[in-house]
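Visitor: Could you pick one spot in this model and take me through it closely? I'd like the cut-offs as we go, and then how the spot connects to what surrounds it.

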Amino acid sequence: MWQYLFKRLLHTIPVLFGVSVLVFGMLHLAPGDPAQILLGPEATADSIAQVREDLGLDKPLVVQYATWMSKMARGDFGRSIVLGREVFPEIWARFKATAILTVTSLIIAVMLGVSAGIVSAVRQYSLFDSIAMLVALAGVSMPLFFTGIVAILAFAMKLRWLPSAGMYSPAGGDLWDLLRHLVLPALTLGTVSAAILARMTRSAMLEIIRQDYVRTARAKGLNERSVIYIHALRNASITIVTVLGMQIGYLLGGSVITEAVFSWPGIGQMMVRAIQARDYPMVQGGVFFVAAMFVFINLLVDVLYAYLDPRIRYR
Amino acid sequence: MPISIRESGTADGIPVSPGRQDVSDRAIPAIDDDAAAVDMFTPTQSVAARFRRNKLSIFGAVIVAVAVAAALFAPWLSPLDPDAVDARSRLAPIGTEGHLLGSDELGRDILSRLIWGARVTLLVSLSATAIALIVGTFLGLIGGYFLGWLDSVIMRLIDVLMAFPYFLLALTVIAVLGPGLLNGMIAVALVNIPFFTRIVRGVTLSIRESDYVMAARGIGASNTRILVRHVLLNCVSTVIVAGTLNIGWMITAAAALSFLGLGVQPPTSDWGTMLSSGRQFLSAAPHVATLPGLAIFITVLGFNLLGDGLRDALDPRLRE
């Protein structure tokens with residue numbers, strides 16, 4: 001296990017390096033002079049020259065990259081062009097909102113998706129199975145922003161059960177208020193993943209239920225509950241965790257859209273604004289932060305995967 | 001020809017070896033009626049037969065056909081000019097005379113805009129799929145066939161692309177290139193290259209070890225010839241299935257970019273921009289935003305059903 005862990009940890013180094021090169025390159029790949037881009041269209045020649053010197057834009061790219069990277073590693077993500085504030089504290093403050101949204105969606109997706117998948121597999125071709133799989137098929141095809149708008153229309157505008165935007169009410173601010181605001185965005189973001197998980201769990205379970213060891217478990221008189229949860233689900237969990245790992249990437253990306261629909265004050269909303277305003281330090285910081293986060297989440301998923309499936313460890 | 005099916009069974013145009021009948025219990029004729037019926041025909045016919053048996057995939061094919069027809073024949077199908085502003089009937093409800101599906105905030109006919117929007121939406125997503133498919137297949141093919149440093153370099157690149165959460169990578173590309181129709185297309189295409197590369201590389205790895213590739217090499221076939229004639233041709237069905245299943249995602253992603261104001265820019269409009277601008281009138285005229293959303297949903301559903309059906313018909317090994 002330790003050896004696997006070490007190997008997997010080593011693997012993240014070139015990936016993180018590639019990510020950083022790509023993020024660093026953004027400013028240089030964009031059409032136009034980086035200093036001009038950073039300062040905006042109203043910059044004077046003097047200030048452009050100043051920024052060129054500050055950033056070392058006249059130095060070789062390798063030197064520029066090294067300087068930039070060492071700053072990033074120390075949490076110095078630069079200064080936002082539009083807000084004029086440090087980028088990192090801004091990202092950090094908004095990260096909390098994004099984390100609350102994605103983690104809740106993930107929990108919803110797992111609870112809905114995995115349980116629907118198990119029941120569908122156990123009662124294959126039942127009414128529940130047909131309905132669940134039809135709903136899952138629709139869920140996979142439903143774009144997030146459309147789900148969100150339908151949810152707002154139904155639950156916020158027509159029924160008036162829940163708020164449609166923001167994280168807290170202007171007046172309120174307690175946990176209950178947060179939860180009320182969280183329901184619609186989290187459900188919206190979780191639907192697609194729940195649908196995919198339901199389909200995958202069902203097919204993984206169906207395959208495993210037909211295995212010899214499941215027949216053996218039944219033959220030796222185990223009750224159906226233990227057969228399903230201990231023998232089948234434990235083995236299906238390998239597939240489920242793989243799909244889950246991929247879904248986290250989807251959720252992190254989808255949070256951008258969900259945050260835009262529900263005015264959720266997270267990183268995604270910040271980045272869309274930053275891209276529109278061509279606020280490069282903000283975009284670079286946001287992209288780098290989320291991508292690095294995702295690399296580590298993937299690492300965690302792989303470790304979990306190795307824990308669940310001993311065959312991976314010895315490969 | 002009313003001959004015994006098992007004797008002439010030629011699923012792949014190759015006579016069935018006696019071994020195949022013995023190893024699987026599927027060879028018992030009584031329970032193999034379906035497969036047997038399919039086996040009587042040429043490969044193309046049997047694929048078509050397997051496809052036709054699946055009602056849902058037919059449904060998907062019909063949806064896709066309607067969407068493609070709307071896009072192709074927009075000038076003839078559209079009742080009004082999609083950009084014609086009608087100040088007298090703003091936000092007209094569904095069923096208004098002259099505006100079958102109502103009108104938007106500027107009084108433009110929603111039905112006409114949906115039909116023309118199909119053109120932009122499908123053009124962007126189909127081109128993006130084509131780009132991702134061609135580049136991804138090429139990388140997977142040469143990586144999986146030549147292996148060595150070339151494969152390592154390609155796979156590390158793919159790893160880096162995959163280190164970004166899907167949609168974030170598209171946003172990054174837009175941040176570099178700037179918002180717009182073409183850039184949005186490039187962005188969603190780039191995000192999907194790894195998907196094709198990994199699938200094709202996997203298939204290539206198994207094909208390169210096969211007897212017929214060994215044989216081709218033995219008679220002195222060049223690498224290019226082997227790659228094109230043997231490896232690529234054997235990837236085709238897998239790639240078609242993956243491509244069809246990918247189109248739905250492309251439509252959603254491209255529409256999402258437009259929805260965020262980072263894709264298609266006015267005055268051009270696709271379903272994503274229509275939905276985005278209709279959001280402001282959600283309480284007064286919900287149909288302005290929901291109709292384009294519904295159009296995206298149904299089209300994506302159509303491509304997904306079609307893809308599922310093609311997968312089951314062409315390449316059952318790909319089943320989830």
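**A close look at one residue**

Guide: Let's start with B:Val173, which is found in helix α9 of chain B. Helices here are DSSP runs of H or I with at least four residues, strands are runs of E with at least two, and both are numbered from the N terminus. A word on the source: this is a predicted model, where local features need pLDDT of at least 70 and side-chain atom pairs count only at pLDDT 80 or more, while totals for chains, interfaces and linings use all residues. Residues are numbered from 1 along each chain as its sequence is written, and chains are lettered from A and ligands numbered from 1 in the order they are written.

B:Val173 counts as buried because it has 23 C-beta neighbours inside 10 Å. The cut-off for buried is 20 or more other C-beta atoms within 10 Å of a residue's own; 12 or fewer is exposed, in between is partly exposed, and C-beta atoms are placed from the backbone.

As for partners, once you leave aside neighbours within four places in sequence, B:Val173 is in contact with B:Ile186, B:Ala187 and B:Leu190. A contact means that the C-beta atoms, placed from the backbone, lie within 7 Å. B:Ala187 is 14 residues away along the chain, yet its C-alpha atom is separated from that of B:Val173 by 5.4 Å.

Now zoom out to the other chain. The contact between the chains takes 36 residues from chain B and 42 residues from chain A. On the chain B side, α9 (166–177) is one of the elements giving two or more residues, along with α8 (148–162), α12 (223–259) and α14 (287–314). That side has 24 nonpolar, eight polar and four charged residues; nonpolar covers Ala, Val, Leu, Ile, Met, Phe, Trp, Tyr, Cys and Pro, charged covers Asp, Glu, Lys and Arg, and the others, Gly among them, are polar.

Across in chain A, α1(A) has A:Val19, A:Ser20, A:Leu22, A:Val23 and A:Leu27 buried. The buried residues of α1(A) pack against α8 of chain B, and also against α2 (34–39), α4 (61–73) and α12 (280–308) of chain A.

Just after α10(A), A:Ser263 takes a positive phi of about 45°. Chain A overall has 13 helices and zero strands.

Notes: Contact = placed C-beta atoms within 7 Å.
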